[in-house]
Amino acid sequence: MLSVENGSFAYKNGSPLFENVCFEVSGGELLSVLGPNGAGKTTLLKCIMGLLKWRTGGSLLDGENIASMSERRLWTSVAYVPQARSASPAFTALETVLLGRTGRIGVFSTPKKTDIELAESVMQSLGIISLRDKSCSQMSGGELQMVLIARALASEPGILILDEPESNLDFKNQLIVLDTLSKLTHSGMGCIFNTHYPEHALQRSDKALLLAGGKVQYGSTASIVTEENIERAFGVHAVIGSVETDGRELSSVIPLRLSNDGAAAEKRDDTLPTLASVTVISSDYSAAERINALLHEYGELIVGRMGMPCRARGVYIINASLDAPRKSIEELSQRLSIIHGVSVKTIYAKEKFESE
């Protein structure tokens, strides 16, 4: 588990960039860090890893302050993927990925066959094996970003930290990166990533941390990435909605206008109770424990529940009826939707039923 306790940071002779940062990420959890340009997202990541020194507070890895750890111990447990700006032009993609093995085999050791096979396997999983022998100096920014992610994964870390990993990537490679993060967390790795995309956070993250104006908000993703918080942090009135697909509903964040343009924003009171039905279809029986734990957590809001296996299809179907504030229903739906192998759809009752 990686945690930060009461962290604050300021550049020399400057006012604090952020204060009282507190959060934790355990294996199997994905934390997204959001905020406007200049809020200090990249600086925060560097403080977390000890690349910049906290003014107050500290970062702990399994309860031990990382400031007291040896570099070798730290970097065999944590891997960092910076924004893709440069890499050694003398290295090919494979050679760059193999650098991720340095903490395991030593700086002056020659990679073994198993190291090369692992590096190639990581590149294959990210869809970049075709770049194997390509020089980093000849790569696009998007290609280089994927290679840097592969380098980090080659170190087999327990915690992976990424600085805007989906920036400069096309739709396909964005999806590959997001799918990779979801798979890694499902396998037990803890991940932290900065992002400019609130909907990526809603679609993938267990937790979110929002930096804005020196203030920090941290909690479950659905409770942090809200229309109100987006407007406060980014100065943009946005609508959070759902896009329905054949298999699931995906959260979507649509910016409508600058919040200072004089237009009155329509506000919906999400604290009022409403009726809704949440349907969960799971193709991964190992996810049953997480699903049941979440439904138990929201048990007092559930007025009816039914589950049944469909053995012919190899899935399990759960229907839960809730009488609860919309914000609570949306939070439950979001937390269910990021579980591996799970499809979720939520249907809300009409506000008024007209008699025939």
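This is a predicted model: local features need pLDDT of at least 70, side-chain atom pairs count only at pLDDT 80 or more; totals for chains, interfaces and linings use all residues.

**Labels against cut-offs**

Q: How do you know that the side chains of T346 and S333 make a polar contact?
A: The two side chains come to 2.7 Å. A polar contact is a pair of N or O atoms within 3.5 Å, where, within protein, one must be able to donate a hydrogen and the other to accept it, and residues adjacent in sequence count only if both atoms are side-chain atoms. Residues are numbered from 1 along each chain as its sequence is written, and side-chain values use heavy atoms, with hydrogens and water left out.

Q: Where does T346 sit, and what makes it buried or exposed?
A: T346 is in strand β16, residues 342-348; strands (E, at least two residues) and helices (H or I, at least four) are DSSP runs, numbered from the N terminus. Buried means under 20% relative accessible area, exposed over 50%, and partly exposed in between, with a 1.4 Å probe and protein chains only. At 8%, T346 is therefore buried. Setting aside neighbours within four places in sequence, its contacts (heavy atoms within 4.5 Å) are E249, A276, S277, V278, I329 and S333.

Q: What makes S282 buried or exposed, and what does its side chain reach?
A: Its relative accessibility is 6%, so S282 counts as buried. S282 belongs to strand β13, and its side chain reaches the backbone oxygen of D284 at 3.0 Å. Beyond four places in sequence, S282 touches residues including A287, I291, V315 and Y316.

Q: Which label do D62 and E156 get for accessibility?
A: D62 has 63%, so it is exposed. E156 has 42%, so it is partly exposed. D62 is in the loop between β4 and β5 (64-65), and E156 is in the loop between α6 (141-153) and β7 (159-163). Neither is glycine, yet phi is positive in both: near 50° for D62 and about 55° for E156.

Q: Why is the pair F18 and W54 called edge-to-face?
A: A pair of aromatic rings is described by the distance of the centres and the angle of the planes. Rings of Phe, Tyr and Trp (its six-membered ring) pair if their centres lie within 6.5 Å; planes under 30 degrees apart count as stacked, over 60 as edge-to-face and the rest as tilted. The structure has four aromatic pairs. In this one the centres are 6.2 Å apart and the planes stand at 70°, so edge-to-face it is. F18 lies in strand β2 (18-25) and W54 in the loop between α1 (41-49) and β4 (56-61), so the pair ties together parts 36 residues apart in sequence. F18 is buried at 0%, and W54 is buried at 10%. Together with F9 and Y11, F18 and W54 form one aromatic cluster.

Q: How do you know that R326 lies over the face of Y348?
A: A charge sits over a ring if NZ of Lys or CZ of Arg is within 6 Å of the ring centre and within 35 degrees of the ring normal. R326 is 3.9 Å from the ring centre of Y348 and lies over its face.

Q: What makes β14 an edge strand?
A: Two strands pair if DSSP finds at least two bridges between them. The four strands run β14-β15-β13-β16 in an open, antiparallel sheet. β14 (302-310) and β16 each pair on one side only, and that puts them at the edges.

Q: How many bridges join β6 to β7, and which way do they run?
A: Four bridges, running parallel. In β6 (78-81), V78 and Y80 point one way and A79 and V81 the other, and all are buried. A79 faces L160 in β7.
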